[in-house]
Amino acid sequence: MNAMSPSVIPTRSVSTSTREAPAARRVGRPKTGKPNPIDIHVGSRVRLRRTLLGMSQEKLGEAIGLTFQQVQKYERGANRIGSSRLFDLSRVLDVPISFFFDDMPEEVATARVEDDDAGGSEEAASVSHDPDPMAKRETLELVRAYYKINDPTVRKRLFELTKAMGKADLASEPADDSTVTA
């Protein structure tokens, strides 16, 4: 038979569908397309430590042989950080590996992961992951600015002022609607 015979056409058809099959399977993410909550937490800890050190994503990337875009994806949890990369990050950021798992919310830590190849189960993906206020840029910049104040008396007075303002805000908040009876 020559290459143009009808018996060759199904082979091409099968070959084409075989090439498309891997694209249908999303490796590394649950069916929802959302990052795994554990990956998000680990990434947020990378960002926290990097920011506390005053290091840019670009500088961190250079130190471990990545682009700043790859570091960005790690920090968002969009890309999973492998064990060797986590080891490199712990050395560059000068923290133990356990640091990246510290302060993990209980619901994230106990979420069941059925298929690790798929990035986690629907249940693990649906766990709400509220960003840690300590990981916010505003908080980190505030802490760095606070410690740049050389005079310990001024620092202490600022600390006391901030606490007092926080208490005043809590006292002025309206009561929760669920506790009001008709």
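1. Leu86 is buried, because its relative accessible area is 9% (buried means under 20% relative accessible area, exposed over 50%, partly exposed in between, with a 1.4 Å probe and protein chains only). Leu86 sits in helix α5. Helices here are DSSP runs of H or I with at least four residues, strands are runs of E with at least two, and both are numbered from the N terminus. Leaving out residues up to four places away in sequence, Leu86 touches Val42, Ile81, Ile97, Phe100 and Phe101; contact means heavy atoms within 4.5 Å. Val42 is 44 residues from Leu86 in sequence, yet their C-alpha atoms are 9.3 Å apart.

2. A word on the basis. This is a predicted model, in which local features need pLDDT of at least 70 and side-chain atom pairs count only at pLDDT 80 or more, while totals for chains, interfaces and linings use all residues. Residues are numbered from 1 along each chain as its sequence is written, and side-chain values use heavy atoms, with hydrogens and water left out.

3. The overall picture is helical. The chain has nine helices and zero strands. Along the sequence the pattern reads α-α-α-α-α-α-α-α-α. Of its 182 residues, 25% count as buried. Take the contacts between residues at least 6 apart in sequence: 64% of them join residues at least 24 apart. The chain exposes about 12800 Å², and carbon and sulfur atoms supply 56% of that area. Accessible areas come from the Shrake-Rupley method with a 1.4 Å probe; for residues, only the protein chains shown count as cover.

4. Next, the core. The largest nonpolar core holds 16 residues. Such a core is a set of buried Ala, Val, Leu, Ile, Met, Phe, Trp, Tyr and Cys residues joined through side-chain atoms within 4.5 Å. Val46, Leu60, Ile81, Leu89, Leu93 and Phe100 touch the most other members. Helices α2 (37–52), α3, α4 (68–76) and α5 each supply at least two residues of this core. The largest share, three residues, comes from α2.

5. Leu89 deserves a look. Not counting residues up to four places away in sequence, Leu89 touches Val46, Leu60, Ile64, Ile81, Asp94 and Phe100.

6. Now the packing of α3 and α5. Two packed helices are described by the angle between their axes and the distance between the axes. Helix α3 (residues 57–64) and helix α5 (residues 83–92) pack at an angle of about 120°, and their axes are 10 Å apart. Axes are lines fitted to C-alpha atoms, for helices over the stretch in contact, and angles run from 0 to 180 degrees between N-to-C directions. From α3, Leu60, Ala63 and Ile64 meet Arg85, Asp88, Leu89 and Val92 of α5. By class, this contact has five nonpolar, no polar and two charged residues. Ala, Val, Leu, Ile, Met, Phe, Trp, Tyr, Cys and Pro count as nonpolar, Asp, Glu, Lys and Arg as charged, and the others, Gly among them, as polar.

7. Gln57 lies in helix α3. Gln57 counts as buried because its relative accessibility is 17%. Beyond its neighbours within four places in sequence, Gln57 is in contact with Arg50, Phe68, Val71, Gln72 and Glu75. Ser90 is found in helix α5. Ser90 also counts as buried, because its relative accessibility is 8%. With neighbours within four places in sequence left aside, Ser90 contacts Val95, Pro96, Ile97 and Phe100.

8. Last, backbone angles. Most residues other than glycine have a negative phi. Which value does phi of Asp94 take? Phi of Asp94 is positive, about 55°, although Asp94 is not a glycine. Asp94 is placed in the loop between α5 and α6 (106–109). Asp94 is exposed, because its relative accessible area is 62%. Asp103 lies in the loop between α5 and α6. Phi of Asp103 is positive and near 60°, and Asp103 is a residue other than glycine. Asp103 is exposed, because its relative accessible area is 62%.
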